[in-house]
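Welcome! Please take a moment with the sequence and the 3D view below, and then read on for a short briefing.

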Amino acid sequence: MAHQAHAYHMVDPSPWPLTGAVAALLMTSGLAIWMHFHTMTLMSLGLLLLLLTMYQWWRDIIREGTFQGHHTPPVQKGLRYGMILFITSEVFFFLGFFWAFYHSSLAPTPELGGCWPPTGITTLNPFEVPLLNTAVLLASGVTVTWAHHSIMEGQRKQAIQSLTLTILLGFYFTALQAMEYYEAPFTIADGVYGSTFFVATGFHGLHVIIGSTFLAVCLLRQAQYHFTSDHHFGFEAAAWYWHFVDVVWLFLYISIYWWGS
Amino acid sequence: MSLSPVALAARRALAAASHSSHEGGAAKTWKILTIVVAFPGVGVCMANAFMKAQEHEQPEFVPYSHLRIRSKKFPWGDGNHTLFHNSHANALPEGYEGSDH
């Protein structure tokens, strides 16, 4: 039986990068086909392939790390760098939408009435549901930190409780935002105000859903004894992502909901 | 670079303080913060939001050309309604739907 003479992980060949790339192709071209020819088939196929790819790829990583011991300290360090770089790229993604918002709102054009908010736009009161949303996400930051310390101290029941609370708070935020979207007196089609509002908050909401899902996977893994008190990087990555989502909300709240109202 | 004795002492005290609250019992601290700060904070904001959520009056319809833009039909329904359309709160380009709400 051959043994490697180093601590790194030479990953076995895998089909998931290819299926992921095909999924990306089908989703993008499918979106164009939907827009012009009113059929969702290609896009739906791409979405299905994406979900299958994510499930199987991440399942394989869990197998490699938790059950096969491939995640040695240097490998874990690489995973940390990877997650940090990914979150950094997401920061730049949101930076673009904040740029768009400030570009339009700092110098409002005559077409909008030369003012911000534009003439005819009834903004949401930042001290009603948006403030509640802020409290919910900040609270979830506290509960996820409680979860982390519980894992580090080997407190299994507390870890499960606090992680569950975090996920429930995430769902509560999503439900509140969905209600706000429905009740809002303005829509995405209401000029640049609507565009910047719904694209920025919409992508944020998508990230809340992604983050909640990531945390939910961690909850399932914690329940199945995957995490030890000093090796639980999957959870740490989920917690970092969750804090990032929280911080983006704070910027959205201050810029669009409060200053922009 | 050497610090003054005062600065050195302050640094030592702060380091000791952060260590003692880090080792053991940190989960307890965050549990307490959850129960005493986080949940009451959410509770207060919930009460505030639900008390202020009275029936929002329908904004007057003015056919501004910079709002209710329809450069291309939406790929669902009749192509004239946004995804989260609410007929009480959102007017169409022609005005509110149905008879006056």
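A polar contact is a pair of N or O atoms within 3.5 Å; within protein, one must be able to donate a hydrogen and the other to accept it, and residues adjacent in sequence count only if both atoms are side-chain atoms. With that rule, 11 residue pairs are in polar contact across the interface of chain A and chain B (both at pLDDT 80 or more).

This is a predicted model, in which local features need pLDDT of at least 70, side-chain atom pairs count only at pLDDT 80 or more, and totals for chains, interfaces and linings use all residues. Residues are numbered from 1 along each chain as its sequence is written, chains are lettered from A and ligands numbered from 1 in the order in which they are written, and side-chain values use heavy atoms, with hydrogens and water left out.

**Chain A as a whole**

- Chain A has seven helices and zero strands, where helices (H or I, at least four residues) and strands (E, at least two) are DSSP runs, numbered from the N terminus.
- Along its principal axes, the C-alpha trace of chain A spans about 75 × 45 × 30 Å.
- The UniProt annotation "transmembrane region", from an unreviewed entry, covers residues 16–34, 40–58, 79–102, 129–147, 159–177, 197–220 and 240–260 of chain A; UniProt positions are given in the numbering used here, feature names are shortened, and annotations may be inferred rather than shown by experiment.
- Residues 129–147 of chain A are 100% helix and 0% strand, with end C-alpha atoms 27 Å apart.
- Residues 159–177 of chain A are likewise 100% helix and 0% strand, and their end C-alpha atoms are 27 Å apart.

**Where chain A meets chain B**

- The contact (heavy atoms within 4.5 Å) takes 42 residues from chain A and 36 residues from chain B.
- About 3,300 Å² is buried between the two chains, and carbon and sulfur atoms give 69% of this; buried area is the accessible area (1.4 Å probe) that two parts lose on being put together, summed over both.
- On the chain A side, E128(A), W146(A) and Y182(A) lose the most area to chain B, together 16% of what that side buries.
- Three helices of chain A, α1 (16–37), α4 (129–152) and α5 (156–183), each supply at least two residues of the side that touches chain B.
- Of the side of chain A that touches chain B, α4(A) gives the most, with 12 residues.
- That side of chain A divides into 25 nonpolar, 12 polar and five charged residues; Ala, Val, Leu, Ile, Met, Phe, Trp, Tyr, Cys and Pro count as nonpolar, Asp, Glu, Lys and Arg as charged, and the others, Gly among them, as polar.

**Two domains in chain A**

- Chain A is divided into domain 1 (1–69) and domain 2 (71–256), with bounds that come from an automatic or database domain assignment.
- The C-alpha centres of these domains lie 24 Å apart.
- Domain 1 of chain A gives 10 residues to the contact and domain 2 of chain A gives six residues.
- Between them the domains bury about 720 Å², 66% of it on carbon and sulfur atoms.
- In domain 1 of chain A, A7(A), I62(A) and T66(A) lose the most area to domain 2, together 46% of what that side buries.

- H81(B) is found in the segment after α2 (26–52) of chain B.
- The side chain of H81(B) makes a polar contact with the side chain of D78(B) (2.8 Å).
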